[in-house]
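Subject: Structure handover

Hello,

Here is the structure I said I would pass on.

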Amino acid sequence: MDETNEGLSREIRKWDLVALLVNVTVGAGIFRLPSEVQRTVGNYSLAAFVVCALIVGLIVLCFAEVGSRFSGTGGPYLYARQTFGLPLAFTVGWLMWLTRLAGFATLVQVFVAYLGYFWPPAESGLPRVAIIVGLVVGLTIINVRGVRESAQSSNIFTVSKLSPLVLFVAVGLLFISPGSYVLGPIPGIGPFSAAVFILVYVFSGFEAVLVNSGEVRQPQRAIPFALIVALSSSVVLFLLIQAVCIGTLPQLAASERPLADASRNFLGAVGPAIISAGALVGILGTLNVVMLACTRLPFAMAVQGQLPAWLARVHPRFRTPVVSILVSATAILLLALPGTFIYALKFTVITRVVVYASTCAALPVLRRRSKGADSPAIVGAVPVGSGEDLPRPPGNWVKPASFEAPAGVLISIVCVLLCFWLLANSGWREARDVAIAVAIGLAIYGATRLGQRVRHD
């Protein structure tokens, strides 16, 4: 068994990683947002999809290069720690964790709602509680037993989820009405920017999978390949889905279940059932990936000494971060069962864009350091530190990039500016909530560091 210096097992293969990325990207968003974007900018929604795809594509290039320098667990949190130091890294990791906990709880509610299409009692009372507990407990057991089981589950979910979507596109393209694509007045920059902003939710999620880099075989080569393949495939699928929705559903802007409603027009009464079943499988697959990612974040932060050390304990048999998994699962249940503490879409997009900006900004810094400008050269690696006297596994040192983005420095600067543009189109209330979350996280971080100093003294 290939085991990392963190005590984890490298069981995620290259194509497993592609499946994980596609699984988390093709999530619940594509089943709901086509109508939201259409309502905002009309038939210019296709242009909004293209612009968002280009922006996220540039960001993915930055992630591909930065990710190819690391082999440890943590993803964007690890990148920020080695580039900008502990406080910012903790903030990134903290926001990623909270966002995925709340996102998981939100997806559970969506899952229950879609299940209600087939079985109405599922939406309330004891059946709802039993379903939520069963989902969380089941995925927790899968994650405790081993990352290989989680990756294999993801492969199954990915195939099962994509099948109805491919059917939707393949058949729907035969029934589109060319007259449906007539363009109206050009929308203003405000509405168009807002449409691009909410579409980030559709394309996002890939950063969560990279948290598990410490369990990926040959991550420096697998990560760039998987990111580019997964995003390219998802972009094509999303554009075709939106085109079919516009071309077959005249009332797209008013639809609450756009894919299900559109499928009724060319698949008949069985269409909504097929799409609803696909949505259930898709959400379940996304839940599996979110669970896999969010349970590793506390582990990665504990390994770096930013959270209590007991969160870094690894199961002696399954080689998985069992304590981190159980803590995360408990937090998910506390959020999901009441159904009252759910982060809004804009909140999750804000936190993700902040994470994207931190990774994009890391690219030129890591390039400079890898050339020895700021750090002494070491064969095969450059130790990039924050000045803290904490243990640093060799797998977390910055290695030479196995993938370099063309015009990478320029792309990183453009991406950071685009991230600021996206943040400018978010709501003040969501921005306030993010600020509160950051303050709470930094207070926990400060208390942890103080406790370490007291024990050291």
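A crossing of two helices is called left-handed if the near helix is turned anticlockwise from the far one by less than a right angle, and right-handed if clockwise. Helices here are DSSP runs (H or I, at least four residues), numbered from the N terminus.

The model is predicted, so local features need pLDDT of at least 70 and side-chain atom pairs count only at pLDDT 80 or more, while totals for chains, interfaces and linings use all residues. Residues are numbered from 1 along each chain as its sequence is written, and side-chain values use heavy atoms, with hydrogens and water left out.

Helix pair

The crossing of α6 and α12 is right-handed. Helix α6 covers residues 125-145 and helix α12 residues 270-294; their axes come within 10 Å and cross at roughly 55 degrees. Axes are lines fitted to C-alpha atoms over the stretch in contact, and angles run from 0 to 180 degrees between N-to-C directions.

In the contact (heavy atoms within 4.5 Å), L135, V136, L139, T140, I142 and N143 of α6 meet L284, L287, N288, M291 and L292 of α12.

Cysteines

There are zero disulfides in the whole structure, a disulfide being a pair of cysteine sulfur atoms within 2.5 Å. For C62, the closest cysteine sulfur is that of C360, and at 3.8 Å it is too far for a bond. C415 is in no disulfide either: its nearest cysteine sulfur, that of C62, is 4.1 Å away.

Regards

Methods
Helix = DSSP H or I, 4+ residues; strand = E, 2+ residues; numbered from the N terminus.
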